[in-house]
Amino acid sequence: MPEGIGVAVIGAGMAGKAHASAYRTAPTLFKPTLPPVRLVSIGDINPEFGSAAARRFGYERTDSSWQAIAEADDIDVVSVVIANSLHREAVDGLLAAGKHVLCEKPLSDNLDDSRAMAATAAASSAIARVGFTFRRTPGIAYIRELIQSGVLGKVLHFSGRYWTDYASDPQAPMSWRYQGAAGSGALSDVGSHLSYIAEFLSGSTVSVQGGQLSTTIGSRPKPLGAVMGHDHAEVSDEYADVENDDYAAFSAEFEHGVGALEVSRVAAGHANSLNFEVFCENGAARFDQRRPAEIELFLNEGPSSRNGYRQVVLGPEHPYLSGGLAMDAPSTGFGQNEAFAYQARSFLDEVAGVDAAEALPVCASFDEGVHNMEMLAAVAESARADGKKVSL
Ligand SMILES: NC(=O)c1ccc[n+]([C@@H]2O[C@H](COP(=O)([O-])OP(=O)(O)OC[C@H]3O[C@@H](n4cnc5c(N)ncnc54)[C@H](O)[C@@H]3O)[C@@H](O)[C@H]2O)c1
């Protein structure tokens with residue numbers, strides 16, 4: 001057996017490339033405490049995508065099936081970054097082969113499969129985690145600290161939206177994202193992130209109500225070739241029905257406070273707008289994903305004529321950044337790609353059993369992935385019943 005940790009990524013699409021790059025960067029973050037990380041294989045059924053990513057990110061080879069990766073004895077750790085409906089088969093097979101698995105969110109496209117995956121993970125001695133990437137985003141982590149330390153105090157009201165525009169053009173090609181039951185569209189794709197963040201700050205969901213799931217563009221042209229991520233590939237003049245939601249909204253009662261969440265994939269001009277505002281006992285905070293290492297903070301202090309939101313730019317003193325970034329000087333920036341690298345580092349630390357001295361939180365468990373799916377399923381149930389309240 002070669003020494004160190006052998007890594008593979010299954011899926012060389014939009015997010016697969018982020019995982020491939022993240023494993024390359026992960027050992028360079030913080031102190032050099034990890035054993036050598038070997039970039040072994042990129043697995044994709046599309047050989048062109050697989051070999052291009054392997055060359056670009058310096059992986060030794062490509063494989064065209066997850067089975068080949070499961071059987072390989074030079075691979076220890078695998079990211080599963082393929083369509084949600086394909087997660088279960090690959091994850092179950094990889095865990096059965098003893099691989100440590102980091103599966104992309106949402107855990108699956110349906111609740112039954114996600115529960116079965118969590119049962120497989122519980123019975124396995126391998127580590128199984130879900131990629132809720134925003135868990136280590138500095139601005140979000142900082143707001144959580146301000147809530148928990150009492151500076152902001154308990155959450156009273158969370159208002160969040162995750163607007164994207166990848167489906168706003170009716171000519172955007174049909175892909176796996178548009179297929180599946182109601183709730184497996186925007187709600188599952190970006191709502192999984194937003195609901196995870198809402199609970200990260202406000203505690204577990206008690207109930208949801210006012211669920212609405214809407215398809216606004218009913219059919220889409222079939223692509224002439226393979227489609228990666230949100231690419232506008234060439235299309236044919238044949239159309240297929242969009243099966244799931246372009247837009248979803250609901251309100252929720254959390255352990256602490258209440259909230260309203262809205263997600264969309266047809267919000268023209270908002271390619272990737274994750275914004276929220278959280279109102280607490282002692283003030284409020286605002287977050288915008290386009291500036292993930294800063295927040296706006298309002299504290300109930302002083303006369304209202306001189307009080308207002310202030311901008312707080314997080315520097316290298318933030319525990320997740322300190323000693324992490326190659327140049328850890330103030331305002332050197334942190335973006336969504338860094339969040340994948342931090343996630344990969346946390347997963348490799350856990351697999352290697354090294355003490356994560358920098359206190360990066362471990363990746364979410366499959367049970368947390370199931371809980372997230374239960375919340376989304378409750379929203380779909382509420383939407384089917386004209387917005388009725390559904391308890392969790
Ligand atoms: N955490 C995040 O911020 C984030 C962002 C985007 C996507 N995602 C998640 O990542 C996953 C993939 O999304 P994407 O946008 O990268 O999709 P994508 O369509 O861009 O890529 C999927 C890739 O999987 C390949 N593929 C299909 N079937 C396969 C199989 N059986 N074996 C191996 N490869 C196969 C395709 O050829 C394609 O290259 C989804 O679960 C999605 O929710 C997460």
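## Ligand shell

How do the residues of the shell around the ligand divide into nonpolar, polar and charged? There are 13 nonpolar, twelve polar and five charged residues, where Ala, Val, Leu, Ile, Met, Phe, Trp, Tyr, Cys and Pro count as nonpolar, Asp, Glu, Lys and Arg as charged, and the others, Gly among them, as polar. Of the 30 residues around the ligand, those that come nearest are Ala15, Asp44, Asn84, Lys105 and Gly229; a residue is near if one of its heavy atoms lies within 4 Å.

Domain 1 (5–134) and domain 2 (138–334 + 371–384) each give at least three residues to the shell, with bounds from an automatic or database domain assignment. At least two shell residues come from each of α1 (14–25) and α9 (336–352), and α1 gives the most, with three. Helices (H or I, at least four residues) and strands (E, at least two) are DSSP runs, numbered from the N terminus.

## Polar contacts and burial

Lysine 105 has a polar backbone atom 2.8 Å from an oxygen atom of the ligand. Another ligand oxygen distance, 2.9 Å, involves a polar side-chain atom of arginine 177. A polar backbone atom of isoleucine 45 lies 3.4 Å from a nitrogen atom of the ligand. Polar contacts are pairs of N or O atoms within 3.5 Å. The protein buries 89% of the 850 Å² that the ligand exposes when taken alone (Shrake-Rupley method, 1.4 Å probe).

## Backbone geometry

Most residues other than glycine have a negative phi, and most peptide bonds are trans. The bond joining lysine 105 and proline 106 is cis, with omega about -20 degrees. Proline 106 is in the loop between β5 (100–104) and α5 (111–123).

Phenylalanine 30, in the loop between α1 and β2 (37–43), has a positive phi of about 60 degrees.

## Basis

The model is predicted: local features need pLDDT of at least 70, side-chain atom pairs count only at pLDDT 80 or more, and totals for chains, interfaces and linings use all residues. Residues are numbered from 1 along each chain as its sequence is written, and side-chain values use heavy atoms, with hydrogens and water left out.

Key:
A polar contact is a pair of N or O atoms within 3.5 Å; within protein, one must be able to donate a hydrogen and the other to accept it, and residues adjacent in sequence count only if both atoms are side-chain atoms.
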